[in-house]
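Take a look at the structure below. We will walk through it one region at a time.

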Amino acid sequence: KVYVTVNTIVYDNEIEDTKHLLCDLQRIGVDAVLVQDMSVLLSVEELVLGANYINTDNTVSNTNPNPSTITSKLYSIPLHASTQTDNRTVEKVRWLHSIGFSRVVLARELSAYEIAEIHRAVPEVELEVFVHGALCVSYSGQCYVSQHCFGRSANRGECAQFCRLKFQLEDAENNKIDRPRYLLSLKDMCRIDNLEQLIDSGATSFKIEGRLKDAIYVKNVVSAYSQKLNEIIKKSGGKLTRSSLGNVVYSFTPNLQKTFNRGFTNYFINGRNMGISSPDTPKAIGEFVGRVKEIRGMRIIVAGTSSFSNGDGLCYISSDHELEGFRVNRAENNFLIPAKMPQSLKAGMSLYRNNDIQFERELSRETSSRKIPITLILSETDEGFCLKAKVNGDSDDEITATANLVSEKQDANTPQISNIVRQ
């Protein structure tokens, strides 16, 4: 499926351009658009040459009748309500469905219980939930601090990342309560161990946040969740099935710790809990690889079982509570020689790898292939031959593709049995 985000707030002078964009998307046949601004919804309605309406008597019309006689609207482009629409109540989801949305992307803050409540109340709506990626400290779609402080609206895709800045916490008398820290910075979401719970709650689609992430991040994270889904589907004994066809074979083992993350939390999936913040740094720390055992001149000796490669990026939290790092110039087993020795690194400090060169090399190549089982049927026609392709698992009369060849036919001059056996 190809879904396109049109989930920005649209200014009045941009409505015509938005209509042109939607027209192009409709023409090329996208499977859905994600919307935040309801003016985009109106643009979709105007776009479809008078949208199709389902009336109370179940008739369909493409004129604009009395609004009181309309039960729902059908658009030529399926509509998904973006998480920016702040979808966290039964009433909101029910309303969105009533005006034409087929899928709703729920707010990240909801628990599995709250998701289940929405599904029970509005079972006809597809529910999409976030399972991985960066978290905002504010309610989904309801943060205006970047707009207020910097004139950059998060609802226009221009968030200034205010919550990733360092703050000094003071009381009402201006007494400093703590050292300056990243007090609003949250860990990244990771719900790979909660997928079955979310499926049971009524989620039909899982969303991975990937803003400004590279291809290696996408390959690693998507592959990890895809393989987990395979396990769940296999265990269900036929109760669950993918919406896609075929099998994907991977040439590497996914590891979520090896690509960008600020540490992980499953957030509020089981209710509010502690340990969701990342106050020491808003940057990626990576996976723990050992402790500094000793420093000898330009050599760092690491205690641990991890292996290292030339070019690895390592980091640590200094005694000043700052994240610092260095690049490994040469690795000899557990002896590391940096290009420049970090002055704040001391024996006993924990080391983390936030840039695994070997893993990145592995993922820079082709890492997966997806194969769909099909049956090919070759038959003779009056004009020549016909080749039909059918996806395995479909009904016998459900043909995916057909190709006809107009060709003269000639009888074989010699028996073909031995030739067929040999081939």
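Begin with an open space on the protein, the second largest pocket, which has a volume of about 150 Å³. Which residues line the second largest pocket? They are Lys258, Glu287, Ser306, Ser307, Phe308, Ser309, Arg353, Asp356, Gln358 and Phe359. Sort this lining by class and you get four charged, four polar and two nonpolar residues.

Now find strand β15, which covers residues 313-317. Is this strand mostly covered or mostly open? It is mostly covered, with four of its five residues buried. Strand β15 also has partners. One is strand β16, residues 323-332. The two run antiparallel and are joined by five bridges. To see one of these pairings, look for Leu314, whose bridge partner in β16 is Phe326. Another partner is strand β18, residues 350-355. Here three bridges make the link, and again the strands run antiparallel. Cys315 gives an example, with Tyr352 as its bridge partner in β18.

Next, follow the chain from β15 to β16. The hairpin of these strands has five residues between them. His321 lies in this loop. Its phi is near 65°, a positive value in a residue other than glycine. Is His321 buried, exposed or something in between? It counts as partly exposed because its relative accessible area is 35%, and that class lies between the 20% and 50% cut-offs.

Move on to the loop between β16 and β17, where β17 spans 335-338. Asn333 is found there. Asn333 is not a glycine either, yet it has a positive phi of about 55°. Its relative accessibility is 68%, so Asn333 counts as exposed. The cut-off for that class is over 50%.

Now turn to the inside of the protein. How many cavities of 30 Å³ or more does the structure hold? It holds one. About 40 Å³ of space lies in the largest cavity. Its lining is made of Leu106, Ala107, Arg108, Leu110, Ile115, Val129, Phe130 and Arg191. By class, six of these residues are nonpolar, two are charged and none is polar.

Pick out Ile115 from that lining. It is found in helix α4, residues 112-121. Why is Ile115 called buried? Its relative accessibility is 2%, so it counts as buried, the cut-off being under 20%. What does Ile115 touch, leaving aside residues up to four places away in sequence? The contacts are Leu106, Leu110, Leu127, Val129, Leu198 and Ser201. For a sense of scale, compare Ile115 with Lys283. They are 168 residues apart in sequence, and their C-alpha atoms are 30 Å apart in space.

The mean pLDDT of the chain is 89. Of its residues, 92% reach 70 or more. Where does pLDDT stay under 50? One such stretch is residues 49-54, for which the model has 29 contacts beyond four places in sequence. Another is residues 64-74, with 23 contacts of that kind. Treat such stretches with care: where pLDDT is low, the predicted coordinates should not be read in detail.

Conventions
Residues numbered from 1 in each chain as written. Predicted model: local features only at pLDDT ≥ 70, side-chain atom pairs only at ≥ 80, totals over all residues. Heavy atoms only, no water. 1 Å grid on protein atoms, 1.4 Å probe; cavity = no way out; pocket = protein on both sides within 12 Å on 5 of 7 lines; lining within 4 Å. Points joined across faces, edges and corners; volume = space filled by probe spheres on them. Nonpolar A, V, L, I, M, F, W, Y, C, P; charged D, E, K, R; others polar. Buried < 20%, exposed > 50% of the residue type's maximum accessible area, 1.4 Å probe, protein only. Pairing = 2+ DSSP bridges. pLDDT = per-residue confidence, 0-100. Contact = heavy atoms within 4.5 Å.
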